[in-house]
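Please read the notes below alongside the sequence and the structure.

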Amino acid sequence: MKKKKNIEFGIKDCTHKLQCSHVIGKIRYNYDMDCIPLKTMPNGKIKILVFGNRYWKGYENKKKIRYVNPKKLK
């Protein structure tokens with residue numbers, strides 16, 4: 001069976017934002033990443049396709065599957 005690729009989704013298809021933070025010592029950077037919820041898992045987490053790399057510009061074409069707590073989505 002072939003593995004389904006998520007190449008049909010683009011950043012323009014995003015419906016939600018993932019709340020993230022990057023902590024270095026005592027400094028905290030809060031930022032949002034564009035994402036698409038794909039499925040709710042049996043353990044309550046949500047499988048999402050997230051776009052970008054942290055808060056850096058120019059990485060909008062990078063995609064990654066993540067499993068997150070529903071409270072982190074807005």
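In this predicted model, D32 counts as partly exposed, with a relative accessibility of 38%, and its side chain forms a salt bridge with K74, the closest N and O atoms lying 2.9 Å apart. Because K74 lies in the segment after β4 while D32 belongs to strand β2, this pair ties together parts of the chain that are 42 residues apart in sequence.

**Salt bridges**

- K74, the partner of D32, is itself partly exposed, with a relative accessible area of 48%.
- In the other pair, the side chains of D34 and K17 meet in a salt bridge with an N to O distance of 2.6 Å.
- This D34–K17 pair also links distant parts of the chain, given that D34 sits in strand β2 (residues 27–40) and K17 in strand β1 (residues 16–24), the two being 17 residues apart.
- D34 is partly exposed at a relative accessible area of 23%, and K17 likewise counts as partly exposed, at 34% relative accessibility.

**Positive surface patch**

- A patch of positive charge on the surface is made up of R28, R54, K62, K64, R66 and K72.
- One of these residues, R54, is found in the loop between β3 (46–51) and β4 (63–68), where R54 is partly exposed with a relative accessible area of 37%.

**Cysteines**

- How many disulfides does the model contain? The count comes to zero, and the sulfur distances given next can be read against the cut-off of 2.5 Å for a pair of cysteine sulfur atoms.
- The cysteine sulfur closest to that of C20 belongs to C35 and is 8.4 Å away, which is too far for a bond.
- C35 is likewise in no disulfide, since the nearest cysteine sulfur to its own, that of C14, is 6.7 Å away.
- Are C20 and C35 buried or exposed? C20 counts as buried because its relative accessibility is 12%, and C35 counts as buried because its relative accessibility is 0%, the limit for a buried residue being under 20% relative accessible area.

Note on methods
Residues are numbered from 1 along each chain as its sequence is written. This is a predicted model: local features need pLDDT of at least 70, side-chain atom pairs count only at pLDDT 80 or more; totals for chains, interfaces and linings use all residues. Side-chain values use heavy atoms; hydrogens and water are left out. Buried means under 20% relative accessible area, exposed over 50%, partly exposed in between (1.4 Å probe, protein chains only). Patches are made of residues with over 30% relative accessible area and no salt bridge: like charges are joined within 9 Å, nonpolar side chains (Val, Leu, Ile, Met, Phe, Trp, Tyr) within 5 Å. Accessible areas come from the Shrake-Rupley method with a 1.4 Å probe; for residues, only the protein chains shown count as cover. A salt bridge is a side-chain nitrogen of Lys or Arg within 4 Å of a carboxyl oxygen of Asp or Glu. Lys and Arg count as positive and Asp and Glu as negative; His and the chain ends are not counted. The place of a charge is taken as NZ of Lys, CZ of Arg, CG of Asp or CD of Glu. Helices (H or I, at least four residues) and strands (E, at least two) are DSSP runs, numbered from the N terminus.
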